[in-house]
Amino acid sequence: MMQAAAAVNLSVIWNLSLRGSSSKVHILSPKYQKSHALHCLRSEGHEELENSQENIGLPYVAKQKDIWNLFREAQQNILLLNKQRVAAVEELKNLKKEKDELLERINQLEEESQIVIKKVDKSSLFWELLLRIDAMVINGLVNIEEASSMRKLVKEHEVNISEFPFDVLQQGDAEVLAELRRFPHKVQRNGFHVIHICTEMAPLVSAGPLASYITGLSCALQGKGYLVEVILPKYSTLDLDEIEGLREIEADAYSYFNGQLHANRIWNGVVCGIGVTLIQPVYYSSMFSRDKVYGYTDDFDRFSYFSRASLDYIAKSGKQPDVLHIHNWQTAIVGPLFWDVFVNQGLEGTRILLTCQDFDKGLVPPEKLELCGLDPAELRRLDRLQDNKNPHFVNILKGGVVYSNKVVIMSSSHSSIPGLEPTLAIHKDKLLFAPFELENPMEKDLCCDLHVSAYTSIKNL
């Protein structure tokens with residue numbers, strides 16, 4: 001009984017409801033208690049689930065969004081990497097193609113270099129040796145006597161010049177000198193040594209017919225066994241790509257001008273198989289750094305400087321040419337300079353040939369002659385440089401005629417030089433006439449033969 005009462009008491013649920021001052025107690029049956037308890041549990045569980053979903057719903061969605069963003073970003077990176085890989089593969093293909101083309105070009109250049117070396121053995125090598133000898137004299141490596149012997153040796157060996165080791169030319173002057181001293185004596189060369197002192201030469205610089213005339217005549221004369229070289233100003237407009245083996249002599253060469261000595265830079269090279277020397281003033285650097293060859297108020301200053309510098313270079317290098325070939329009034333001053341200043345500087349056997357293609361006389365005041373070391377009082381005479389019509393001026397072209405051993409007038413329409421008729425009459429035995437336009441091989445041969453005759457005749461004077 002007591003246990004039954006206790007069970008009844010345990011099953012009682014007090015429902016205390018305060019309404020005013022009274023309270024009631026409801027006693028629920030066991031069945032109802034069970035149903036009520038389950039309802040409470042469901043109600044509380046549902047509320048907690050809803051609260052849980054509300055608490056975790058937003059972060060979950062945000063995390064899903066972040067994941068999708070990362071996924072899309074990864075896809076984009078993969079696409080970008082794939083494009084970069086394709087581009088890299090294409091670039092590697094291009095690089096391989098360029099490499100193959102470069103190797104092919106290298107092989108082609110090597111083949112061409114072998115051809116060039118063969119050509120050098122025939123022509124440029126000969127001039128390279130002669131010009132290196134000039135550098136040795138100016139540098140003081142050899143004296144004038146030994147240089148003269150070596151030049152003679154090289155001239156006599158032109159036919160067998162290919163025997164000289166080409167690689168030695170890439171070394172210093174001392175190595176070249178040692179090899180030259182071992183060079184054997186074999187074949188001799190015929191013909192004179194001619195040096196053109198001029199202002200144009202094709203294809204380096206051209207302002208008129210003189211340029212092609214210099215190159216054509218020089219090549220023709222060398223074909224006949226002559227040794228021909230050219231001295232030019234180093235204009236800033238020169239086409240240096242046309243010069244083989246261009247190199248500067250590592251020493252200053254001085255020349256007289258306007259009362260003092262001035263340094264010049266000397267360059268050597270080969271053009272069309274002809275040895276070429278370029279003279280570049282150091283102090284008067286603007287003289288030949290201009291747009292045109294001629295047409296300036298100081299043209300006499302410019303070309304008298306060049307003429308004097310050319311003779312100073314020839315004398316210092318120990319050259320002993322048979323003929324100095326000068327052209328037009330621009331280098332006609334070489335004639336008076338040679339006979340008044342240089343003939344006793346180892347050039348006693350040299351003679352002067354003047355060619356006239358341009359009949360401009362080059363009239364200047366007599367005092368201008370002092371610039372290059374000439375005496376105006378001695379030369380301002382009617383039988384020398386004084387102009388025939390303007391006695392207050394000296395005529396440079398007239399001076400060239402008077403002081404040259406032979407004069408070649410290149411003209412198809414003139415038998416003389418206008419304004420110089422009295423002078424030409426006095427020096428008529430010097431005159432030779434050649435066609436101005438060398439249009440065909442026959443005229444070229446006649447012109448070449450005429451110059452050969454001129455060279456031969458003045459050597460017998």
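1. The expected span of a helix is 1.5 Å times one less than its number of residues. Helix α5 covers residues 209-223, which makes 15 residues. From its first C-alpha to its last, α5 reaches 21 Å, close to the 21 Å expected. Keep in mind that this is a predicted model.

2. Which residues of α5 are buried? They are L210, A211, Y213, I214, T215, L217, S218, L221 and Q222. An α-helix has 3.6 residues a turn, so residues three or four places apart point the same way. After α5 comes G225, and the phi of G225 is positive, near 100°.

3. Take T215 as one example from helix α5. Its relative accessibility is 10%, and buried means under 20%, so T215 counts as buried. Beyond its neighbours within four places in sequence, T215 is in contact with M201, A202 and C272.

4. Now turn to H327, which lies in strand β7 (residues 323-327). Is H327 buried or exposed? H327 has 2% relative accessibility, so it counts as buried. Its side chain makes a polar contact with the side chain of H196, at 3.0 Å. Not counting residues up to four places away in sequence, H327 touches H196, I197, C198, L210, Y213, I214, L354 and T355. Among these, L210, Y213 and I214 are also buried residues of α5.

5. Aromatic rings deserve a point of their own. The structure holds 12 aromatic pairs. In one of them, the rings of F257 and Y305 have centres 5.1 Å apart and planes at 70°, so this pair is edge-to-face. F257 belongs to strand β4 (residues 253-257) and Y305 to helix α6 (residues 299-317), so the pair ties together parts 48 residues apart in sequence. Both F257 and Y305 are buried.

6. The rings of F288 and F303 make a tilted pair, because their planes stand at 50° with the centres 6.2 Å apart. This pair, too, links distant parts of the chain. F288 is in the loop between β6 (274-281) and α6, while F303 is in helix α6, 15 residues apart. F288 is buried, with a relative accessible area of 2%. F303 is buried as well, at 1%.

7. Two charged side chains sit over rings. K234 lies over the face of W267, at 4.8 Å from the ring centre. The charged end of R290 sits over the ring of Y296, 4.8 Å from its centre.

8. Helix α8 (residues 334-342) also has a buried side to inspect. Its buried residues are V334, G335, P336, L337, F338 and F342. What covers them? The cover includes β1 (193-197), α6, β7, α7 (328-332), β8 (351-356) and α10 (396-403).

9. Finally, check the confidence. The protein averages a pLDDT of 81, and 77% of the residues score at least 70. Where does pLDDT stay under 50? One such stretch is residues 1-28, for which the model has 17 contacts beyond four places in sequence. Another is residues 115-121, with 7 contacts beyond four places in sequence.

Methods: Residues are numbered from 1 along each chain as its sequence is written. This is a predicted model: local features need pLDDT of at least 70, side-chain atom pairs count only at pLDDT 80 or more; totals for chains, interfaces and linings use all residues. Side-chain values use heavy atoms; hydrogens and water are left out. Rings of Phe, Tyr and Trp (its six-membered ring) pair if their centres lie within 6.5 Å; planes under 30 degrees apart count as stacked, over 60 as edge-to-face and the rest as tilted. Helices (H or I, at least four residues) and strands (E, at least two) are DSSP runs, numbered from the N terminus. Buried means under 20% relative accessible area, exposed over 50%, partly exposed in between (1.4 Å probe, protein chains only). A charge sits over a ring if NZ of Lys or CZ of Arg is within 6 Å of the ring centre and within 35 degrees of the ring normal. A polar contact is a pair of N or O atoms within 3.5 Å; within protein, one must be able to donate a hydrogen and the other to accept it, and residues adjacent in sequence count only if both atoms are side-chain atoms. Contact means heavy atoms within 4.5 Å. pLDDT is the predictor's confidence in each residue, from 0 to 100.
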